[in-house]
Amino acid sequence: MPVPGGLANAPEHPLLLPRPAPGKRIFDAVLAAVLLVLVAPVLVVVAVLVMVGLGRPVLFRQCRAGLHGRPFEVVKFRTMRPPNHGRGLVGDGDRLTPLGRWLRATSLDELPTLWNVLRGDMSLVGPRPLLPEYLDRYSPDQARRHEVRPGITGLAQVRGRNSLSWEEKLDLDVRYVDSRNLRLDLSILVTTARTVLRREGINAAGSATAPEFLGTQRRPAPPQRDRTPA
């Protein structure tokens, strides 16, 4: 039976798919529920700001690739105007508003994603959820990032965020998959708070957000020397 979501190089039989630790899921669900209650007033305030500054809809919804590449709908606060060629609103830099930049800089746009954690689509810590179109662009090793649920934050986010290259971020994602444990998750959560307060690595160089992942660029193999005896 094929794996939903089109994840290349994944085992076909569901019993062979790596299974996330059940303790991590309980930790995620409990903490996400507590955080949603605590930040409820902030959610209301940000929702009003987005409605006034950008109009409806307040929430941004997009399909992302989750555990084992299965698609799910991620939920965030809107930070951009809709595309409008007549008004020159085409690229992310044109569509991103001052309010949107502030929401991204403070990571307040991510607060609704706690609902995805509560639903089981995501984890608090893990590789960031990316577009399903990227699934066929990963190398076999990079595709291992989907052996765990995607996270609101992760190892790549505390090691440089969008200032890293795609190869560096995906390498850190796989490193997290291989070394994940509760102690590492707690360390990443604490470091994330410090990174957000410092507003580090928000944008990639020369980009309003992050460039599209087009696949790993490998260097061509060096030419083989002629070993024929003289």
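The side chains of arginine 61 and glutamate 73 form a salt bridge, with an N to O distance of 3.4 Å; the term denotes a side-chain nitrogen of Lys or Arg within 4 Å of a carboxyl oxygen of Asp or Glu. This pair links distant parts of the chain, as arginine 61 belongs to strand E1 and glutamate 73 to strand E2, 12 residues apart. Across the whole structure, the search finds 10 salt bridges.

## Basis of the model

The model is predicted: local features need pLDDT of at least 70, side-chain atom pairs count only at pLDDT 80 or more, and totals for chains, interfaces and linings use all residues. Residues are numbered from 1 along each chain as its sequence is written, and side-chain values use heavy atoms, with hydrogens and water left out.

The protein chain has a mean pLDDT (the predictor's confidence in each residue, from 0 to 100) of 82, and 75% of its residues reach 70 or more. Over residues 8-15 the pLDDT is below 50, and this stretch has 12 contacts in the model beyond near neighbours in sequence; contact means heavy atoms within 4.5 Å. Residues 218-230 also have pLDDT below 50, with 1 contact beyond near neighbours in sequence.

Strand E1 covers residues 59-65 and strand E2 residues 71-77; the two pair in the antiparallel sense over 7 bridges. Strands are DSSP runs (E, at least two residues), as are helices (H or I, at least four), numbered from the N terminus, and two strands pair if DSSP finds at least two bridges between them. Phenylalanine 60 has lysine 76 in E2 as its bridge partner.

The hairpin has 5 residues between its strands. Histidine 68 lies in this loop between E1 and E2 and has a positive phi of about 60° although it is not a glycine. Most residues other than glycine have a negative phi, and most peptide bonds are trans. A cis peptide bond joins arginine 56 and proline 57, with omega about -5°; proline 57 is in the loop between H2 and E1.

## Helices H1 and H2

The axes of helix H1 (residues 22-38) and helix H2 (residues 40-54) come within 4 Å and cross at roughly 60°. H1 is therefore oblique to H2. Leu36, Val37 and Leu38 in H1 meet Ala40, Pro41 and Leu43 in H2.

Conventions
Axes are lines fitted to C-alpha atoms, for helices over the stretch in contact, and angles run from 0 to 180 degrees between N-to-C directions. Angles under 35 degrees count as roughly parallel, over 145 as roughly antiparallel, 65 to 115 as roughly perpendicular and the rest as oblique.
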